[in-house]
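Trainee: I've got a model open and I'd like to learn how to read its ring pairs and helix packing. Where do we start?

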Amino acid sequence: MRHDDLGAGLVGTALQTMVFARSSGRWAEAHAAARAVTAQPLTAHPAQASLYRGVPAVAYALHLADHPAYARTRAELEAETIAIVAERVDAGLRRMDSGRPPRMAEYDLISGLTGLGAFLLRSDRERALERVLNYLVRLLTEPVTVAGQHVPGWWTTDGPSGVTETGVFRMGHANLGLAHGLSGPLALLALATRAGYVVDGQDQALDEGVAVLTRWAQPHANGTVGWPDPVPLDSFLNGPTPGAKPTRPSWCYGTPGIGRAMQLAGLARHDDHARQRAERAVLGSITDPQQLAQLSDATVCHGWAGLLLTCDSIAADAMTPDIARQLPRIHARLDTHRVRHQIPKDAGLLEGNAGVRLTLHTVRTPRPPALGWETCLLLN
């Protein structure tokens with residue numbers, strides 16, 4: 001377990017204790033968690049540091065804590081993060097200028113510039129954020145060539161595992177998910193627009209992302225609509241497959257996470273049709289027993305907590321109350337799972353009990369402080 005990991009390490013636990021402390025005013029546990037994550041060196045190399053690892057991860061948690069005890073450390077880590085972002089953007093732009101497609105970790109939420117942009121959005125670092133937004137606009141609007149075929153600029157040379165693969169993914173893949181694919185940049189651009197941060201071409205990029213998700217919202221045999229798992233080159237060129245099997249309704253890859261990104265883009269662009277399509281797809285995924293049966297744990301990443309938290313955000317902005325009416329059922333399923341199965345003991349926001357506890361705190365608190373901690377998940 002890494003001390004400087006937000007998703008599966010101690011930073012996720014620290015974030016949870018800090019959000020709780022902001023609500024309760026009791027800081028002893030949060031201070032202990034802050035000492036634990038800052039007592040050892042933090043990953044700072046631009047090729048390794050990200051929103052979910054190292055300096056930026058700890059800076060994000062301390063920023064949300066907003067406690068005077070952390071002011072000096074927070075300022076130092078934020079300055080380091082700005083420098084990391086600058087190097088990452090420069091490398092990404094050089095790659096773009098060369099015409100080569102990106103690696104997944106260049107731009108995704110977990111390891112890449114989308115996640116770093118989420119940090120900048122939450123910390124109001126406008127100049128650095130503008131550079132990330134300009135990069136993402138190019139990513140969504142400038143195609144690249146793979147095996148002689150034009151594909152979107154967010155096409156990755158990796159397989160879904162994040163490394164070069166042989167077999168079906170030897171030419172890379174298209175990923176529509178929120179954690180590692182198109183929906184991450186789309187959601188960040190939408191959140192930035194709603195916060196008043198807009199660069200040239202941002203509207204076009206949002207429209208392009210919505211168009212892709214509209215095209216790939218494929219009908220399932222049971223009448224629901226959703227998006228596919230990672231798509232290899234041949235399948236991408238052939239287009240969506242009607243009657244495909246529904247995927248797991250998760251935050252990370254599934255219809256709820258993708259639907260939230262499309263809903264946010266619709267809100268940013270005042271596109272009611274995009275919002276309706278997204279919300280209908282999500283509603284279908286959370287009322288379909290076949291899809292819900294694929295959830296097998298309580299975690300945020302791909303379990304019941306992530307589904308509840310994502311749908312809670314979607315319901316707050318939805319055009320109809322249909323999704324909100326389903327929230328008690330999802331909440332009950334999460335509670336039932338926690339009773340019947342062992343609660344994850346791992347630390348971390350995505351894969352451990354910290355994320356589950358944060359989710360329950362957020363949805364159970366009548367008026368939780370508007371901390372915006374969910375920006376690291378691109379939900380708000």
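Mentor: With burial: a residue is called buried when its relative accessible area is under 20%. Keep in mind that this is a predicted model.

Trainee: Okay, so are Trp-216 and Phe-236 buried or exposed?

Mentor: Trp-216 and Phe-236 are both buried. For Phe-236 the relative accessible area is 10%, and Trp-155 counts as buried too, at 0%.

Trainee: How many aromatic pairs are there?

Mentor: Rings pair if their centres lie within 6.5 Å, and that rule gives three aromatic pairs. Take Trp-155 and Phe-236: their centres are 5.4 Å apart with 65° between the planes, an edge-to-face pair. Trp-155 sits in the loop between β2 and α8 while Phe-236 belongs to helix α10, so this pair ties together parts 81 residues apart in sequence.

Trainee: And what about Trp-216 with Phe-236?

Mentor: Planes under 30 degrees apart count as stacked. Here the planes are at 10° and the centres 5.5 Å apart, so that pair is stacked. Ring pairs link Trp-155, Trp-216 and Phe-236 into a cluster.

Trainee: Now the helices. What describes a packed pair?

Mentor: The angle between the two axes, and the distance between them. Helices α14 and α16 pack at about 35°, with axes 9 Å apart, and their crossing is left-handed.

Trainee: Which residues in α14 and α16 meet?

Mentor: From α14, Ala-305, Leu-308, Leu-309 and Asp-312; from α16, Val-356, Thr-359, Thr-362 and Val-363. That contact divides into five nonpolar, two polar and one charged residue.

Methods
Residues numbered from 1 in each chain as written. Predicted model: local features only at pLDDT ≥ 70, side-chain atom pairs only at ≥ 80, totals over all residues. Heavy atoms only, no water. Axes fitted to C-alpha atoms, helices over the stretch in contact; angles between N-to-C directions. Helix = DSSP H or I, 4+ residues; strand = E, 2+ residues; numbered from the N terminus. Left-handed = near helix turned anticlockwise from the far one by under 90°. Contact = heavy atoms within 4.5 Å. Nonpolar A, V, L, I, M, F, W, Y, C, P; charged D, E, K, R; others polar. Phe/Tyr/Trp six-rings, centres within 6.5 Å; stacked < 30°, edge-to-face > 60°. Buried < 20%, exposed > 50% of the residue type's maximum accessible area, 1.4 Å probe, protein only.
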